[in-house]
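Biologist: Can you take me through the charged pairs in this one? Keep it quick, please.

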Amino acid sequence: MTSIEAVEKLNQIFRLTTLVTGDASRAKEIIFGVCNNGFEDVTEVTKEVLAILVQEHSKGLVEIIRKKVPNGYVEDVYQTVVTKVLSHGAKFEARNDAKFPTWLSKLAKNGSNDFCRTERMRSRQTSAKDV
C-alpha cells in the first residue's frame, strides 16, 4: 500500500468513526489511541477501531441475539457478528439515515436468523435419519 493509499484509508476510517460516534473529537481519540498502541498497518488500525466501536455497542447486540438464540449459543452468534463487522465494517457507508448501530443490529438479527435456520435444518436431518 502506498503512502497516499494509507492516508486515504485513514481518512476513510476517520469519516467512519466520526459517523458512528457522532463526534470528531471522540473519533480522533479512538484512532490516536489505536495508533499509539503500536498498530502501524492501516488494516490493523481499521480492525482495531471497528472492534472498539463494536465493543461500545456489544450489550445491545447481545440482547438482540438473546431474543432468538438459546443461551448456550449466544456467544457463538455474537462472535460471528463481530467477525462480519471486522471483515466488512470498513465498507460501511451511511445511507438514507441508516447509522452504524442500525447496521450492527441488522447483522445481529441476521446472524440470529441464520443460526435458527441452520438449527432447524440440522434438526430435520436428524429426524429424517431416525425414520
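**Salt bridges and a helix**

Modeller: E63 and R66 join their side chains in a salt bridge, 3.2 Å from N to O. The term means a side-chain nitrogen of Lys or Arg within 4 Å of a carboxyl oxygen of Asp or Glu. This is a predicted model: local features need pLDDT of at least 70, side-chain atom pairs count only at pLDDT 80 or more, and totals for chains, interfaces and linings use all residues. Residues are numbered from 1 along each chain as its sequence is written, and side-chain values use heavy atoms, with hydrogens and water left out.

Biologist: Where do E63 and R66 lie?

Modeller: Both are in helix α4 (residues 58-66), three residues apart, about one turn of the helix. Helices here are DSSP runs (H or I, at least four residues), numbered from the N terminus.

Biologist: How many salt bridges does the structure hold?

Modeller: Six. One of them pairs R117 with D114, at 2.8 Å from N to O. R117 and D114 sit three residues apart in helix α6 (residues 100-130), so about one helical turn separates them. R117 is partly exposed at 40%, and D114 is partly exposed at 30%.

Biologist: What does R26 form a salt bridge with?

Modeller: With E56; the closest N and O atoms are 2.2 Å apart. That pair links distant parts of the chain: R26 is in helix α2 (residues 24-36) and E56 in helix α3, 30 residues apart.

Biologist: Which residues are linked in a network with R26?

Modeller: E29 and E56 are linked with R26 in a network of salt bridges. R26 has 27% relative accessibility, so it counts as partly exposed. E56 is partly exposed too, with a relative accessible area of 41%.

Biologist: New topic. What should helix α3 span?

Modeller: 21 Å, because α3 has 15 residues (42-56) at 1.5 Å a residue. The expected span is 1.5 Å times one less than the number of residues. The end C-alpha atoms of α3 are 21 Å apart, which agrees.

Biologist: And which residues of α3 are buried?

Modeller: V42, V45, T46, V49, L50, L53 and V54.

Technical notes
Helices (H or I, at least four residues) and strands (E, at least two) are DSSP runs, numbered from the N terminus. Buried means under 20% relative accessible area, exposed over 50%, partly exposed in between (1.4 Å probe, protein chains only).
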